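Colleague: I would like to learn how to read a model like this one. Can we take it feature by feature?

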Amino acid sequence: MVFIDSYESPLGRLTAASDGIALTGLWFNGQKYFASTLTGEYETRSLPVFEKTREWLDLYFLGKAPDFMPPLLVSGTKFREEVWELLLQIPYGQTTTYGELAKRLAVRRNVARMSAQAVGSAVGHNPVSILIPCHRVIGSDGSLTGYAGGIEKKAALLALERDEAARQPAQ
């Protein structure tokens, strides 16, 4: 059985999905690929994983970098899962490019090169918005290319993180 819950963010309502233990999806309502992991029946229910997700999002939208992660269970092709794992390594308040992710994946797979466009497709199909930070991936020229939730949301998420990073003392 799949369970859902909703969260009212400053950028709009989010819908979360879970298998009862881990978070399997988190989308801005109406975004591209909305509810992509919701196949079959589901029901609204309060679960510990949704409470942890709510705590994480509350901190995040207050401009703080959460120091914990709710349990995640994302499934896709091996390629997509590898890309999503790389997304989790992008530090709060920082960005990377699709090309840089492709280079890192090529090194990891011990191949000469990987397609930045293929990486971009995998990034775009990320089923757990914000927590798996696909919004931190930008074009090679610094442009805010593609975001399933909309470019204006991507810009707002990056601005939130930038503002918090600017408030942190230098180390």
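Modeller: Start with confidence. This is a predicted model, and its mean pLDDT is 91, with 95% of the residues at 70 or more. Where pLDDT is low, the predicted coordinates should not be read in detail.

Colleague: Which elements have the lowest and the highest mean pLDDT?

Modeller: Helix α5, residues 151-167, has the lowest, at 84. Helix α1 has the highest, at 98.

Colleague: What is the order of the elements from the N terminus on?

Modeller: The protein has 5 helices and 6 strands. They run β-β-β-β-α-α-β-α-α-β-α.

Colleague: How does the radius of gyration fit a compact globule?

Modeller: The radius of gyration is 16 Å, which agrees with the value near 16 Å for a compact globule of 171 residues. Along the principal axes, the C-alpha atoms fill a box of roughly 45 × 40 × 25 Å. Buried residues make up 43% of the 171. The protein exposes about 8,800 Å², and carbon and sulfur atoms supply 53% of that area. Take the contacts with a separation of 6 or more: residues 24 or more positions apart account for 57% of them.

Colleague: Now the sheet. What is the strand order?

Modeller: The order is β3-β2-β1-β4, in an open sheet of 4 strands with mixed pairing. β3 (23-28) and β4 (42-44) are the edges; each has a single partner strand, so one side of each has no neighbour in the sheet. Neighbouring strands are turned by 30° against each other on average, direction ignored.

Colleague: Which pairs are antiparallel, and which is parallel?

Modeller: β1 and β2 run antiparallel, joined by 7 bridges. They form a hairpin with 2 residues between them. Within this pair, S6 has T15 in β2 as its bridge partner. β2 and β3 are also antiparallel, over 5 bridges. There, A17 stands opposite G25 in β3. The hairpin of β2 and β3 has 4 residues between the strands, and G20 takes a positive phi near 110° in it. The parallel case is β1 (residues 2-9) with β4, over 3 bridges. F3 has E43 in β4 as its bridge partner.

Colleague: Is β2 enclosed or open to the outside, and what lies across the sheet?

Modeller: In β2, 5 of the 7 residues are buried, so the strand is largely enclosed by the rest of the structure. Helix α1 (residues 48-61) lies across β1, β2 (12-18) and β3, at about 20° to β1.

Colleague: How do I read the buried side of a helix?

Modeller: An α-helix has 3.6 residues a turn, so residues three or four places apart point the same way. Now take α2, residues 78-87: its buried residues are F79, E82, V83, W84, L86 and L87. They pack against α3 (98-109), α4 (116-124) and β6 (137-138).

Colleague: And backbone angles? Which residues have a positive phi although they are not glycine?

Modeller: Most residues other than glycine have a negative phi. N110 has a positive phi of about 60°, and I130 has one of about 70°. N110 sits in the loop between α3 and α4. I130 sits in the loop between α4 and β6.

Colleague: Are N110 and I130 buried or exposed?

Modeller: N110 is exposed, with a relative accessible area of 71%. I130 is buried, at 1% relative accessibility.

Key: Residues are numbered from 1 along each chain as its sequence is written. This is a predicted model: local features need pLDDT of at least 70, side-chain atom pairs count only at pLDDT 80 or more; totals for chains, interfaces and linings use all residues. Side-chain values use heavy atoms; hydrogens and water are left out. Two strands pair if DSSP finds at least two bridges between them. Axes are lines fitted to C-alpha atoms, for helices over the stretch in contact, and angles run from 0 to 180 degrees between N-to-C directions. Contact means heavy atoms within 4.5 Å. Buried means under 20% relative accessible area, exposed over 50%, partly exposed in between (1.4 Å probe, protein chains only). The radius of gyration is taken over C-alpha atoms; the globule rule is 2.2 Å times the number of residues to the power 0.38. Accessible areas come from the Shrake-Rupley method with a 1.4 Å probe; for residues, only the protein chains shown count as cover. pLDDT is the predictor's confidence in each residue, from 0 to 100.
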